[in-house]
Amino acid sequence: MVFRSFMDIALQEARAAADRGEVPVGAVMVSPDGNVVAQAGNRTRELNDPTAHAEILVIRAACTLAGSERLPGYDLYVTLEPCPMCATAISAARIARLYYGAADPKSGGVAHGPRIFSHKQCHHVPEVYDHIDAKPSEALLKAFFAKRR
């Protein structure tokens, strides 16, 4: 089987989030049969919801479609290293593989910060693939925050 990245769709969602004034993070959930079942960008400001990160939105949508709180065999693509909240949700949902773009030394929860997947309390550890299309993800974030300063 040939690997196909869905990060291009996640980047489209991140750009749309930036256009809405949200931190430009996008996510895509892919089912075990290779179909995109959910895609979203951050909506924390729009929804007045601090949990409305792109990852949480696609996990909620995919779980609704699957009729289950667990998503074994699913792949999650995110433009930025998930924060601790999102990493915990990824573990709770039993997502098989996590692909992310830019590292987040300040707020990340996978390779930085609390490193959620390395804790004894973590019930499930997905396969993690980092730096997938990291450069465009980083450029989008830098441009967004440069406009804010």
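1. Two strands are said to pair here if DSSP finds at least two bridges between them, and strands themselves are DSSP runs of E with at least two residues, while helices are runs of H or I with at least four, both numbered from the N terminus. With that in mind, A27 stands opposite A40 in β2, and in β3 the bridge partner of A27 is V78.

2. A word on the basis of this note: the model is predicted, so local features need pLDDT of at least 70 and side-chain atom pairs count only at pLDDT 80 or more, whereas totals for chains, interfaces and linings use all residues. Residues are numbered from 1 along each chain as its sequence is written, and side-chain values use heavy atoms, with hydrogens and water left out.

3. The sheet is open and has five strands in the order β2-β1-β3-β4-β5, with mixed pairing. Its edge strands are β2 and β5, each of which pairs on one side only. From one strand to the next the twist averages 15 degrees, where axes are lines fitted to C-alpha atoms (for helices over the stretch in contact) and angles run from 0 to 180 degrees between N-to-C directions.

4. The pairings can be followed strand by strand. β1 and β2 run antiparallel and are joined by five bridges; these two strands form a hairpin with five residues between them, and G34 in the turn has a positive phi of about 90 degrees. β1 and β3 also run antiparallel, with four bridges joining them, and V30 stands opposite D75 in β3. β3 and β4, by contrast, run parallel and are joined by five bridges.

5. How many residues of β1 are buried? Five of its five are, so that the strand is mostly covered, where buried means under 20% relative accessible area, exposed means over 50%, and partly exposed lies in between (1.4 Å probe, protein chains only). Both faces of β1 are covered, with G26, V28 and V30 buried on one side and A27 and M29 buried on the other. As for β4, five of its six residues are buried, so this strand is largely enclosed by the rest of the structure.

6. Helix α1 covers residues 7–19, and its 13 residues, at 1.5 Å a residue, should span 18 Å; the end C-alpha atoms are 18 Å apart, which agrees. The expected span is taken as 1.5 Å times one less than the number of residues. Within α1, the residues M7, I9, A10, L11, E13, A14 and A17 are buried. The buried residues of α1 pack against β1 (26–30), β2 (36–41), β3, β4 and α5 (134–148), contact meaning heavy atoms within 4.5 Å. After α1 comes G21, whose phi is positive, near 85 degrees.

7. T79 is buried, with a relative accessible area of 2%, and, not counting residues up to four places away in sequence, T79 touches M7, A10, L11, A14, P24, V25, G26, G101, A102 and S137.

8. Where do the aromatic rings meet? A search of the whole structure finds five aromatic pairs, a pair being rings of Phe, Tyr or Trp (its six-membered ring) with centres within 6.5 Å, called stacked if the planes are under 30 degrees apart, edge-to-face if over 60, and tilted for the rest. Y77 and Y99 form a stacked pair, 4.4 Å centre to centre with 5 degrees between the planes. That pair links distant parts of the chain, since Y77 lies in strand β3 (residues 75–80) and Y99 in strand β4 (residues 97–102), 22 residues apart. Y77 is buried, with a relative accessible area of 1%, and Y99 is buried as well, at 6%.

9. Y99 and Y129 form a stacked pair too, at 5.0 Å centre to centre and 15 degrees between the planes. This pair also links distant parts of the chain, from Y99 in β4 to Y129 in strand β5 (residues 127–129), 30 residues apart. Y129 is partly exposed, with a relative accessible area of 34%. Ring pairs link F3, F6, Y77, Y99 and Y129 into a cluster.
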